[in-house]
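Dear colleague,

I am passing on the structure below, together with notes on what was found in it. Please read them with the coordinates open beside you.

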Amino acid sequence: MVTVSLYHYLFVSTILFSLGIFGIVTRKNAVMVLMGIELILNAANINFVAFARYGNFGFQGQLMALFVIVLAAAEAAIALAIVLNIYKVFSSVNVDEIDRLKE
Amino acid sequence: MTLYDIIFYLFALVTISSAYLVVTVRNIVYSAFSLLFTLFGIAGLYALLGADFVAIVQLIVYVGGILILMIFGVMLTNKITNVQIKTGVFQILPATIGVGIFGGFLLAVLLNTNWLNLNVKDSPATTFQLGQLLMNEWVLPFELLGIVLLIALLGAASIARK
Amino acid sequence: MSVLEIIVFTVVKIVLILTVMLLMVSYLVYFERRVSAWVQNRLGPNRVGWEGVLQPFADVFKLLLKEDIVPVKANQFIHTLAPVIALFVAFATYAVIPIASPLKIFGYEIPLVVADVNIGVLYVLALTSVGVYAITLAGWSSGSKYSLFGGIRSSAQMISYEISMGFSVAGVLLFAESLRPIAIVQSQGSWMWNAWIQPIGFITFVVSAFAETNRLPFDLPEAEPELVGGYHTEYSSMKFAAFFLAEYANMIIAAGMIVTLYLGGYNLPFFNIESLGLANWLTVIIQIGSFFIKMGVLLFFFLWIRWSLPRFRYDQLMSIGWKVMFPLSLINLIWVAVLIMVFNL
């Protein structure tokens, strides 16, 4: 274990990113897929904030992280509304069973 | 090893182990619950990076909003009185291999790049600075975000109502 | 101050605050029972000790000795975890509420707040949103329909009222130009209370605080006639006590926040105590007294409301939250902005 530097944060965010992709690919439940997406967004956010701190970019990195958080909120709201609709039509939210565009 | 390092490793451990649980546990509510810890861990990392405002916004928006929405999503799309809500999984083996290769690639890039590694000192007034930036240089994206949120609100309401 | 000294002082403050909070919570329960009895013209608990002052301890012992029952269909782990979250959140929130100006003793200057966080107000809001999980998870993990409905109602209610709460707080922040609770108290001085300057914000905040603490007239999550006990129907023994304590601790925190944000905090009304030039310890004691008296009056108000207003229907609750409180808090924000523009405050 060495003194924490930029690499450590990037390492955490890389693992989070990979886990997020793993979740998206392997999970059937649509809400779980969304959770994977949140992991990915958070990984990106860690990168933004870490680069802002260690790369001397002032506060713009933190600002980007804030924007991402806000957009994630909008995304989650819309996605869950869609998931609810899917549940109404298919009575299930497993992404592999949703294979029709028409009702 | 300083206190800072110990705290970092603690938060990193919480973040990664709970994120691992999020994507591997079969019970959806357990997953959502570990996501709570992941988000806490990430907020801790932000705080360590000197971004206290981002950390607290992370808690308010992610923990207080998005995750609650997801738990609602879970409860409303299952037979909710059933405590054991399971999710199906598929393609575990190819996904593990693929993600392993991809993650390895990312790590290789990460370790072989010579990043600017300055370690700037903490600024005490992050909230003030962020406010200044939001209201001056970044005022257009800020306003656009407001519009996006409004549209998302209306869109979500109208989609869910149909 | 060295790191060690800071740690020692913080631990002492945490222990003090915890003790005081636990005592206050148990006596708030007693106070509530006596006030309710008084409102309804009956006697209330008056057997244990003089006028029943030992009643809270008797209650706690009773709950401790009871059998802990977990329903078969419950999810054991989360069922146990939920009350822990509730208690943790309730007590952790208190860390940022200042109860007096710094105490100068033995050559140290000790701020009388556990953590002087520079984003303290946001910290409170964040922890409130974590508190929702305790109730949602308790409702879900019990495996009973009453608990589940209670939990879902409660989380929807708390999310809805958090919005108007946040917007009313924004008005206060505009005036104080800071997110530090101490700075907010100081910005109000002795008479420029935010309650006078922004009465609409004050009202929306108080109403939202009632909703956030699940107090009547917003106690739908535990509406007895419909839901038996709401989210804690399936809880017994100490786990139930944990929820019970958390609810009352939340009331105390809500009162503390209202005092800090709107009623001038620890300052005496219309009178600047520091201009008298009293000894520091005397000033501090008077300020602590003033803080707790304000809080006590507010807590009495909470209990008074409980026996004065009937419970809202669920649709009424939601429409008040979204169609009345939310626009009102926005109007308040605009009002504060205009005030600042006009008077260059």
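**Helix α12 of chain C**

Helix α12 of chain C, covering residues 314–343, has 30 residues and reaches 42 Å from its first C-alpha to its last, which is close to the 44 Å expected at 1.5 Å a residue. Please bear in mind throughout that this is a predicted model. The helix contains a kink of about 35°, and this kink in α12(C) is centred on Ile320(C). Several residues of α12(C) are buried, namely Leu317(C), Gly321(C), Met325(C), Ser329(C), Asn332(C), Leu333(C) and Val336(C). Following α12(C) comes Asn344(C), a residue whose phi is positive, near 50°.

**Chain C as a whole**

Turning from that helix to the chain that holds it, chain C has twelve helices and two strands, and from the N terminus on its elements run α-α-α-β-β-α-α-α-α-α-α-α-α-α. The radius of gyration of chain C is 21 Å, close to the 20 Å that the globule rule gives for 345 residues, so chain C is as compact as a globular protein of that length. Taken along the principal axes, the C-alpha atoms of chain C fill a box of roughly 60 × 50 × 45 Å. Of the 345 residues in chain C, 46% count as buried. Among the contacts in chain C with a separation of 6 or more, 78% are accounted for by residues 24 or more positions apart.

**Chain A as a whole**

Chain A has three helices and zero strands, so that one reads its elements from the N terminus on as α-α-α. With a radius of gyration of 17 Å, well over the 13 Å that the globule rule gives for 103 residues, chain A is more spread out than a compact globule. The box filled by the C-alpha atoms of chain A, taken along the principal axes, is roughly 55 × 30 × 15 Å. Of the 103 residues of chain A, 54% count as buried, and residues 24 or more positions apart account for 45% of the contacts in chain A with a separation of 6 or more.

**Where the chains meet**

The contact between chains A and B takes 66 residues from chain A and 70 residues from chain B. On the side of chain A that touches chain B, the elements giving two or more residues are α1 (6–26), α2 (30–54) and α3 (60–90) of chain A. It is α3(A) that gives the most to this side, with 22 residues. By class, the side of chain A that touches chain B has 45 nonpolar, 16 polar and five charged residues.

Chain B also meets chain C, where 24 residues of chain C are in contact with 17 residues of chain B. Here α4 (120–141) and α5 (145–176) of chain C each supply at least two residues of the side of chain C that touches chain B, and α4(C) gives the most to that side, with eleven residues. The residues of the side of chain C that touches chain B divide into 15 nonpolar, six polar and three charged.

With best wishes

Definitions and conventions. Residues are numbered from 1 along each chain as its sequence is written. Chains are lettered from A and ligands numbered from 1 in the order in which they are written. This is a predicted model: local features need pLDDT of at least 70, side-chain atom pairs count only at pLDDT 80 or more; totals for chains, interfaces and linings use all residues. Two residues are in contact if their C-beta atoms, placed from the backbone, lie within 7 Å. Helices (H or I, at least four residues) and strands (E, at least two) are DSSP runs, numbered from the N terminus. Ala, Val, Leu, Ile, Met, Phe, Trp, Tyr, Cys and Pro count as nonpolar, Asp, Glu, Lys and Arg as charged, and the others, Gly among them, as polar. The radius of gyration is taken over C-alpha atoms; the globule rule is 2.2 Å times the number of residues to the power 0.38. A residue is buried if 20 or more other C-beta atoms lie within 10 Å of its own, exposed if 12 or fewer, and partly exposed in between; C-beta atoms are placed from the backbone. The expected span of a helix is 1.5 Å times one less than its number of residues. The bend at a residue is the angle between axes fitted to the seven residues ending there and the seven starting there.
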